[in-house]
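I opened my notebook to look up a few spots in this model. Come along and check each one with me.

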Amino acid sequence: SQSRYGHTKIEKISEGEVRKIWSLVRTELGLSNEDVKTTLESFKLNGTRDIPKKEYNRFVDRLKSLASHKQAS
């Protein structure tokens with residue numbers, strides 16, 4: 001049988017966290033939807049609602065480093 005932490009149910013981030021990501025992207029980071037899509041693809045995810053809770057901070061960090069690279073160039 002699948003354990004509670006098996007592959008069947010990965011806890012996803014909340015609606016609030018999804019909104020927080022988008023607000024961060026638009027207001028603080030100045031990234032495009034395309035940037036977010038590329039980052040999602042690098043995590044093998046289809047959308048921000050699919051981000052596992054345990055990946056939330058890593059995902060945000062990846063967006064922040066992308067933003068700093070873009071500003072530097």
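This is a predicted model: local features need pLDDT of at least 70, side-chain atom pairs count only at pLDDT 80 or more; totals for chains, interfaces and linings use all residues.

**Entry one.** I began with a polar contact of 3.1 Å that joins the side chains of E17 and K53. I noted the term: a pair of N or O atoms within 3.5 Å, where within protein one must be able to donate a hydrogen and the other to accept it, and residues adjacent in sequence count only if both atoms are side-chain atoms. The side chain of E17 also reaches the backbone nitrogen of S14, at 2.8 Å.

Residues are numbered from 1 along each chain as its sequence is written, and side-chain values use heavy atoms, with hydrogens and water left out.

**Entry two.** Is E17 buried or exposed? I found E17 buried, at 17% relative accessibility (buried is under 20% relative accessible area, exposed over 50%, partly exposed in between, with a 1.4 Å probe and protein chains only). E17 lies in helix α1; helices are DSSP runs of H or I, at least four residues, numbered from the N terminus.

Next I looked at helix α2, residues 33-42, whose buried residues are D35, V36, T39 and L40. They fall within an arc of 140 degrees seen down the axis of α2, so they line one face of the helix (the arc uses directions from the helix axis to the C-beta atoms). Just after α2, I saw K44 take a positive phi of about 60 degrees.

Conventions:
Helices (H or I, at least four residues) and strands (E, at least two) are DSSP runs, numbered from the N terminus.
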